[in-house]
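Hi everyone, thanks for coming. Let me put the structure up, and then we can walk through a few parts of it together.

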Amino acid sequence: MRHRRMGNSGCAVSELCLGTMTFGAETDEAGSHEQLDLFVEAGGTLVDTADVYSAGTSEEIIGRWLADRPRDVTDRVVLATKGRFPMGAGPNDSGLSTRHLTRALDASLGRLGVDAVDLYQVHAFDPHTPLEETLRTLDGFVQAGKIHYYGLSNFTGWQLTKAVHTARALGLREPVTLQPQYSLIVREIEWEVVPAALDAGMGLLPWSPLGGGWLSGKYTRDQRPTGDTRLGEDPGRGMEAWDRRGSERTWRIIDAVERVAQDRGVSMAEVALAWVTNRPAVTSTILGARTTEQLAANLKAAGLVLSAGEQAVLDEASDLAATDYPYGELGLEQRSRDLAGG
């Protein structure tokens, strides 16, 4: 398992991250602890959770694992959690206000059984809270020793840039990471978010790198999903819904991933994960698995580097076909110049 700096910080993390949204929901406590054991044994260090994952149960499961394992094992873990979404029904039970984030972080620390987390992420932008208030709060958490670094999640390019420059203007610590959705299927962040992250020196922690399971090869073009899969149980599930995501472009991408995987003698999941992990600005790719077997299969992607030819095949198949302006060919011409003149 290779390690990389966590954005513009001095903290090193594994190139693959264990996502724990399934803990307490699709994965019971015994299975969750098995995943944590396997991940650390494989050289993984970054473990990501959130207060809203199973209404706090994910954090509690991780907390009991941390308490049960020897210190030489748990000391390897770089622990990340998030706050922002509702944990109650009241008007102040969500958002990025000082009041909510303070209570949310304290509750997370209690469930995890730790004095501090390494990375605390605001789970999404909050249009109702002044950004200055949120950033001062996060800086205060660092000063108080409750967190070591902070990051953002699901921010757009302008929101990310505003956060970075507001922090600089106020003399506050800056965010070190951004957690966006990113996969061969979802590449829109390359238009604004990735350039903004590169400009700020922030590292990306992509979630859903397998496109909600679509890139693992579990679905076929001519058969609607059934059985023990996420879409088999709920074909209308969110962004990855069968009728929403099952476009001709998606099937073209799946075909390309399958060809590369067959030529390499690896799984489709390994190819899709390797593509994301080696994209510009990416620090660590988040793996989410129901079972230990799924996690073990995905961990095989560690260290896999695609050739330039393989990347080109995947890039072409997943090209978003941006219109001329502002992200297409004519738009790009507006943002470049020939240093030789003319």
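Which are the buried residues of helix 2? Keep in mind that this is a predicted model. In helix 2, the buried ones are Ser58, Glu59, Ile61, Ile62, Gly63, Trp65 and Leu66. The helix itself covers residues 57-68, 12 residues in total, and spans 16 Å from its first C-alpha to its last, close to the 16 Å expected at 1.5 Å a residue. As for neighbours, those buried residues pack against helix 1 (29-41), strand 4 (46-48), helix 3 (71-74), strand 5 (78-83) and helix 4 (98-112).

Now to the aromatics. The count comes to seven aromatic pairs. One of them is Phe125 with Trp158, an edge-to-face pair at 5.6 Å centre to centre with 65° between the planes. This pair links distant parts of the chain, 33 residues apart: Phe125 sits in the loop between strand 6 (117-122) and helix 5 (131-143), and Trp158 in helix 6 (residues 157-170). Phe125 counts as buried because its relative accessible area is 19%, under the 20% cut-off. Trp158, at 54%, is exposed.

Terms used:
Residues are numbered from 1 along each chain as its sequence is written. This is a predicted model: local features need pLDDT of at least 70, side-chain atom pairs count only at pLDDT 80 or more; totals for chains, interfaces and linings use all residues. Side-chain values use heavy atoms; hydrogens and water are left out. Rings of Phe, Tyr and Trp (its six-membered ring) pair if their centres lie within 6.5 Å; planes under 30 degrees apart count as stacked, over 60 as edge-to-face and the rest as tilted. Helices (H or I, at least four residues) and strands (E, at least two) are DSSP runs, numbered from the N terminus. Buried means under 20% relative accessible area, exposed over 50%, partly exposed in between (1.4 Å probe, protein chains only). The expected span of a helix is 1.5 Å times one less than its number of residues. Contact means heavy atoms within 4.5 Å.
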